[in-house]
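Visitor: I have a structure open and would like to learn how to read it. Could you walk me through it, one feature at a time?

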Amino acid sequence: MKKYEVGYILRSNLDADVIKATIEAAAAVFTNNGSKVLETKEWGLRDLAYEIDHNKKGYYVWLTVEATVEAINEFNRLAGYSEKIIRHIVVAENE
């Protein structure tokens with residue numbers, strides 16, 4: 001397995017319970033696909049550099065994972081469909 005950094009931005013108008021559930025669901029995508037979440041950082045609500053889908057703020061979350069290709073592909077698929085996630089990125093760490 002390879003290490004990745006996964007970042008995503010949630011809509012700013014979500015309730016705290018919905019934010020928590022979404023973060024747990026994102027982590028579950030990795031653990032359910034034979035991968036490990038090594039670290040989760042919630043950066044919280046911040047201004048966006050530019051407006052995305054009429055949002056000027058977003059809730060930033062950053063994960064460090066040790067994941068399989070299947071887990072990364074599944075996260076990208078689900079994040080692309082999610083109405084709660086307005087942007088996401090997956091970057092492989094150099095080793």
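Guide: Happy to; we will go through strands, helices, cores and a few single residues. Keep in mind that this is a predicted model.

Visitor: Let's begin with the strands. Which strands pair with β1, and in what sense?

Guide: β1 (2-11) is joined to β3 by 10 bridges, and the two run antiparallel. β1 also pairs with strand β4 (residues 85-92), again in the antiparallel sense, over 7 bridges.

Visitor: Is β1 mostly buried or mostly exposed?

Guide: 7 of the 10 residues of β1 are buried, so the strand is largely enclosed by the rest of the structure.

Visitor: And what links β2 with β3?

Guide: The strands β2 (36-52) and β3 (55-67) pair in the antiparallel sense over 11 bridges. One of the bridge pairs is Lys 41 with Trp 62 in β3. β2 and β3 form a hairpin with 2 residues between them, and Asp 53 in the turn has a positive phi of about 50°.

Visitor: Which residue has a side chain that reaches the backbone oxygen of Asp 53?

Guide: That is Asn 55: a polar atom of its side chain lies 3.2 Å from the backbone oxygen of Asp 53. Asn 55 is found in strand β3, and at 8% relative accessibility it counts as buried. Beyond its neighbours up to four places away in sequence, Asn 55 touches Arg 11, Ser 12, Leu 48, Tyr 50 and Ile 86.

Visitor: Now the helices. How should I read which side of a helix faces inwards?

Guide: The general idea is that an α-helix has 3.6 residues a turn, so residues three or four places apart point the same way. In α1, the buried residues are Ile 19, Thr 22, Ile 23, Ala 26, Ala 27, Val 29 and Phe 30. They cover an arc of only 145° around the axis, which puts them on the same side of α1. Asp 17 and Lys 20, on the other side of α1, are exposed. The buried residues of α1 pack against β1, β2, β3 and α2.

Visitor: What does α2 look like by the same checks?

Guide: α2 has 13 residues and reaches 19 Å from its first C-alpha to its last, close to the 18 Å expected. Its buried residues are Ala 71, Ile 72, Phe 75 and Ala 79. They cover an arc of only 100° around the axis, which puts them on the same side of α2. On the other side of α2, Glu 70, Gly 80 and Tyr 81 are exposed. The buried residues of α2 pack against β1, α1, β3 and β4.

Visitor: Which residues touch the most other members of the largest nonpolar core?

Guide: In general, nonpolar side chains in soluble globular proteins tend to be buried together. Here the largest nonpolar core has 19 residues, and Tyr 8, Leu 10, Phe 30 and Phe 75 touch the most other members. β1, α1 (16-31), β3 and α2 each supply at least two residues of this core. Apart from it lies another core, of 5 residues, among them Ile 9, Leu 48, Ile 52 and Ile 86.

Visitor: Where is Tyr 8, and what is it in contact with?

Guide: Tyr 8 is found in strand β1, and it is buried, with a relative accessible area of 1%. Its contacts beyond four places in sequence include Thr 22, Ile 23 and Ala 26, as well as Phe 75 and His 88. Tyr 8 and Trp 62 are 54 residues apart along the chain, yet their C-alpha atoms are separated by 6.6 Å.

How values were computed:
Residues numbered from 1 in each chain as written. Predicted model: local features only at pLDDT ≥ 70, side-chain atom pairs only at ≥ 80, totals over all residues. Heavy atoms only, no water. Helix = DSSP H or I, 4+ residues; strand = E, 2+ residues; numbered from the N terminus. Core = buried A, V, L, I, M, F, W, Y, C linked by side-chain atoms within 4.5 Å. Buried < 20%, exposed > 50% of the residue type's maximum accessible area, 1.4 Å probe, protein only. Arc of directions from axis to C-beta. Contact = heavy atoms within 4.5 Å. Pairing = 2+ DSSP bridges. Polar contact = N/O pair within 3.5 Å; in protein donor to acceptor, adjacent residues only side chain to side chain. Expected span 1.5 Å × (residues − 1).
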